Amino acid sequence: MEKTSYRSPDRWTGRLRLQRLIAKIAGLGVLAVICPDLRADIPWPEVVQRLAYENEKLARRPQGHSGEYFVVCTLYYTSVESGFTFERGFDATPVTKPGLRGRKYPRDFLHSVKKEGFGRITTPVNGRHYLSYSGGDSFFFASKPTGGGGTLVARFSAAAKLGQSGLRRGVIIETSSSTVREVFGSTRWKIVDTGGGLRRGQVDCYYGEDETLGPERFMGRPSGTTFEYAYANARIIE
């Protein structure tokens, strides 16, 4: 859902050293306790300005964009119910919501599903292993995480803002970022999903299923990575 680096000659690259440090601390299970300020929110005003500047340069070329765009890659994932425990600092109070047919789930897990769109439940209901957010305060049981273009595929599916002529649903893009390649093990993404909160030039890459990194501000991050954003040139290949 990558940081910029201020130690690198290029201040726009991901801060990999800090990511590795945080990952080691998180492995000790004390991340949220001893270093709550190591990870900052994405600086969207700066990001939007950079996207506009770089894409304007591409558009001014004799050939124009020609299928190439400057984007910011972010991350979304499917959270797993088992990780939401009182011991890990979550509000695991069992609550029910419309659409859950009286079944109860940890309060913070439902909050995560509301943000990410889907969450994997511990006990399937009628063969359905996932909860999906349906708007308002309602949820429903689902067979698998899906987007507008079908089932989400980890490290391949991505979401983008509607109304972009180039980065539209159905296209496959190749990203140039070494950070994205290191985190996801992939450079190719198919835009199959959209989201009301996405911004122009943002490519939200699907990480897959994982327990969440931690409570509160860490809930939007899977435990397997501290990645938040990375800039990349994206070329449409299909």
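1. The accessible surface of this protein comes to about 11,600 Å², and 51% of that belongs to carbon and sulfur atoms. These areas come from the Shrake-Rupley method with a 1.4 Å probe, and for residues only the protein chains shown count as cover. Keep in mind that this is a predicted model: local features need pLDDT of at least 70, side-chain atom pairs count only at pLDDT 80 or more, and totals for chains, interfaces and linings use all residues. Residues are numbered from 1 along each chain as its sequence is written, and side-chain values use heavy atoms, with hydrogens and water left out.

2. On to the overall make-up. The protein has 238 residues, and 48% of them count as buried. Here buried means under 20% relative accessible area, exposed means over 50%, and partly exposed is in between (1.4 Å probe, protein chains only). The secondary structure comes to five helices and 13 strands. Helices (H or I, at least four residues) and strands (E, at least two) are DSSP runs, numbered from the N terminus.

3. Spanning residues 107-116, α4 has Asp 108, Phe 109, Leu 110, Ser 112, Val 113 and Glu 116 among its buried residues. The cover over those buried residues includes β1, β2 (94-95), β3 (105-106), β4 (118-125), β5 (128-135) and β6 (138-142). After α4 comes Gly 117, with a positive phi near 105 degrees.

4. Two other backbone spots deserve a look. Most residues other than glycine have a negative phi, and most peptide bonds are trans. Ser 66 is not a glycine, yet its phi is positive, about 50 degrees. Ser 66 sits in the loop between α3 and β1, and it counts as partly exposed because its relative accessibility is 47%. Arg 155, also a residue other than glycine, has a positive phi near 65 degrees. You'll find Arg 155 in the loop between β8 (150-151) and β9 (157-159); at 30% relative accessibility, Arg 155 is partly exposed.

5. Which residues does Asn 233 contact beyond its neighbours within four places in sequence? They are Leu 58, Glu 68, Tyr 69, Phe 70, Glu 174, Thr 175 and Ser 176, where contact means heavy atoms within 4.5 Å. Asn 233 belongs to strand β13 (residues 230-236) and is partly exposed, as its relative accessible area is 28%. The side chains of Asn 233 and Glu 68 are joined by a polar contact of 3.1 Å. A polar contact is a pair of N or O atoms within 3.5 Å; within protein, one must be able to donate a hydrogen and the other to accept it, and residues adjacent in sequence count only if both atoms are side-chain atoms. Asn 233 and Val 71 are 162 residues apart along the chain, but their C-alpha atoms are separated by 6.1 Å.

6. Now for Ser 223, in the loop between β12 (202-210) and β13. Ser 223 has 35% relative accessibility, so it counts as partly exposed. Not counting residues up to four places away in sequence, Ser 223 touches Asp 210, Glu 211, Thr 212 and Leu 213. With Asp 210 there is also a side-chain to side-chain polar contact of 3.0 Å.

7. Is Lys 104 buried or exposed? Lys 104 is exposed, because its relative accessible area is 54%. Its place is the loop between β2 and β3. Leaving out residues up to four places away in sequence, Lys 104 touches Pro 94, Val 95 and Thr 96. The C-alpha of Lys 104 is 5.1 Å from that of Pro 94, a residue 10 places away along the chain.

8. Last, helix α3 and a pocket. The lining of the second largest pocket takes its largest share, five residues, from α3; α3 (44-59) and β1 (68-80) each supply at least two residues. The lining has 16 residues in total, and Asn 55, Tyr 69, Gln 164, Arg 200 and Gly 201 lie nearest the centre of the pocket. A pocket is an open set of points, on a 1 Å grid over the protein atoms alone, where a 1.4 Å probe fits, with protein on both sides within 12 Å along at least five of seven lines; lining residues have an atom within 4 Å of a point.
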